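Please look through the sequence and the 3D structure shown here before reading on.

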Amino acid sequence: MKRLRAKHINSLNILDLCCGKGGDILKWLKTNMAEHIAFADIAETSIEQCKERYGKSVSSQKQQRYPNRNEKLFTAEFIAADCTKVGKKTLSIENLHCYR
């Protein structure tokens, strides 16, 4: 994230492949850089749990349980698919950046 900030990139559209249950949602909130995230996983059950975790994050943000945090909430979409068999257009992510 430091490299992105150094390049003055402050707003990202992210494709989180193999997202599982959404364990990285808090990480993405803390970076304060995500505009939109597509969470994709092959397991429908994991996607449902990821949706629930995102919903709880939305509720927490709206209730302002953590008033000291300066986190913006990103929009999200949830895709249960084998990502080796669908294309970028199917996943509806524009301006995708890949970083290691």
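**Briefing on the fold**

Three strands form an open sheet in the order β1-β2-β3, and their pairing is parallel; two strands count as paired if DSSP finds at least two bridges between them. The model is a predicted one, in which local features need pLDDT of at least 70 and side-chain atom pairs count only at pLDDT 80 or more, while totals for chains, interfaces and linings use all residues. Residues are numbered from 1 along each chain as its sequence is written, and side-chain values use heavy atoms, with hydrogens and water left out.

- The edge strands are β1 and β3 (75-80), each of which pairs on one side only.
- On average, neighbouring strands of this sheet are turned by 15 degrees against each other, direction ignored, where axes are lines fitted to C-alpha atoms and angles run from 0 to 180 degrees between N-to-C directions.
- Six bridges join β1 and β2 in the parallel sense, and Asp16 stands opposite Phe39 in β2.
- In general, the strands of a sheet pair through backbone hydrogen bonds, either parallel or antiparallel.

**The chain as a whole**

- The chain has four helices and three strands, which are DSSP runs numbered from the N terminus (H or I, at least four residues, for helices; E, at least two, for strands).
- Read from the N terminus, these elements follow the pattern α-β-α-β-α-β-α.
- Of the 100 residues of the chain, 32% count as buried, a term that means under 20% relative accessible area with a 1.4 Å probe, protein chains only.
- Among contacts (heavy atoms within 4.5 Å) between residues at least 6 apart in sequence, 65% join residues at least 24 apart.

**The nonpolar core**

- The largest nonpolar core has 15 residues, of which Ile14, Ile25, Trp28, Ile37, Phe39 and Phe74 touch the most other members; such a core is a set of buried Ala, Val, Leu, Ile, Met, Phe, Trp, Tyr and Cys residues joined through side-chain atoms within 4.5 Å.
- At least two residues of this core come from each of β1 (12-17), α2 (25-31), β2 (34-41) and α3 (44-63), and the largest share, four residues, is supplied by α3.

**Cys50**

- Cys50 lies in helix α3 and counts as buried because its relative accessibility is 0%.
- Leaving aside residues up to four places away in sequence, Cys50 touches Cys19, Gly20, Lys21, Gly22, Ile25, Phe39 and Phe78.
- Although Cys50 and Gly23 are 27 residues apart in sequence, they are 7.8 Å apart in space, C-alpha to C-alpha.

Notes:
Buried < 20%, exposed > 50% of the residue type's maximum accessible area, 1.4 Å probe, protein only.
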